[in-house]
Amino acid sequence: MHRRASLVLLNTLSLSRLPLAAVFIAVSDLRMRAFLVVLAAATDFLDGWIARHRGLSTRLGALIDPVADRAFMVTAFIVCLLDGLIDPVELTLLLLRDIGTAIGFIVARVRPDMRSIELKARMLGKVVTTLQLAVLLCVLLYPPLVRPLVALVALLSLASVVDYTRAVWRQRQRRELPPSSRIPQ
């Protein structure tokens, strides 16, 4: 039962980012919004840390966590756009990785030969998420850093999409090769 309670806690932490996104919409105070960004980041870090250190990773958790992350992040960026804190080009650049990985996810689920491929978080994607959080904080608290950070996020987002794509294709190729011809890594 302890494992089940821990999994409920982890999923609750992940899902807590959805009401945090709703609060982000409802409040207009920039410091309060910055606090919500920090709180969302803390729940993301905490649920990931607990899952890894207690061996509690599940397929459901692996789906809930990034969906909740993206829901919070996209909501916050759209609110910032609507409030005039960022422009449409910056929004597009900030969401490049998310758009690319969403397209990749759909392709991987539509193609029968790719449905069994496990889509896992990659380090470069985590770096982009961390930088997106930094951009959000700068948008809210220190706008002079926004443009250089947006440029960095865009560059690393492109690299991240390439990295995710290469990882998926490598998995696909390994599954197509007979076991005797696979090259150890």
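**Close-ups of a predicted helical model**

**View 1. Helix 3 and helix 7 run roughly antiparallel to each other.** That label goes to angles over 145 degrees, while those under 35 count as roughly parallel, 65 to 115 as roughly perpendicular and the rest as oblique. Keep in mind that this is a predicted model, where local features need pLDDT of at least 70, side-chain atom pairs count only at pLDDT 80 or more, and totals for chains, interfaces and linings use all residues. Residues are numbered from 1 along each chain as its sequence is written, and side-chain values use heavy atoms, leaving out hydrogens and water. Helices here are DSSP runs (H or I, at least four residues), numbered from the N terminus, just as strands are (E, at least two). The axes of helix 3 and helix 7 cross at roughly 160 degrees and come within 8 Å. Such axes are lines fitted to C-alpha atoms, for helices over the stretch in contact, and the angles run from 0 to 180 degrees between N-to-C directions. The crossing of this pair is left-handed, meaning that the near helix is turned anticlockwise from the far one by less than a right angle (clockwise would be right-handed). Look for contacts, that is, heavy atoms within 4.5 Å: the helix 3 side includes L30, V37 and R52, and among their partners in helix 7 are K126, L133 and L141.

**View 2. Helix 3 also packs against helix 4.** Here the angle is about 165 degrees and the axes are 11 Å apart, so this pair too is roughly antiparallel. Helix 3 and helix 4 make a left-handed crossing. R33, L36, V37, A40, D44 and D47 come from helix 3, and they meet D65, D69, F72 and V79 of helix 4.

**View 3. Zooming in on D69, a residue of helix 4.** D69 has a relative accessible area of 10%, so it is buried; the cut-off for buried is under 20%, exposed means over 50%, and partly exposed lies in between (1.4 Å probe, protein chains only). Skip its neighbours within four places in sequence, and D69 is in contact with R17 and D44.

**View 4. Helix 2 (residues 17-26) has R17, L20, A21 and F24 as its buried residues.** Seen down the helix 2 axis, these residues fall within an arc of 105 degrees, so they line one face of the helix. The arc is taken from the directions between the helix axis and the C-beta atoms. An α-helix has 3.6 residues a turn, so residues three or four places apart point the same way. On the face turned away from the buried side of helix 2 sit the exposed residues I25 and A26. What do the buried residues of helix 2 pack against? They meet helix 1 (2-15), helix 3 (30-53), helix 4 (59-82) and helix 7 (123-141).

**View 5. L18 belongs to helix 2 too.** With 39% relative accessibility, L18 is partly exposed. Beyond its neighbours within four places in sequence, L18 touches A68 and A71. L18 and R70 lie 52 residues apart in sequence, with their C-alpha atoms 9.6 Å apart in space.

View 6. The structure holds 0 disulfides, a disulfide being a pair of cysteine sulfur atoms within 2.5 Å. C80 is buried at 0% relative accessibility, and C138 is buried with a relative accessible area of 11%.
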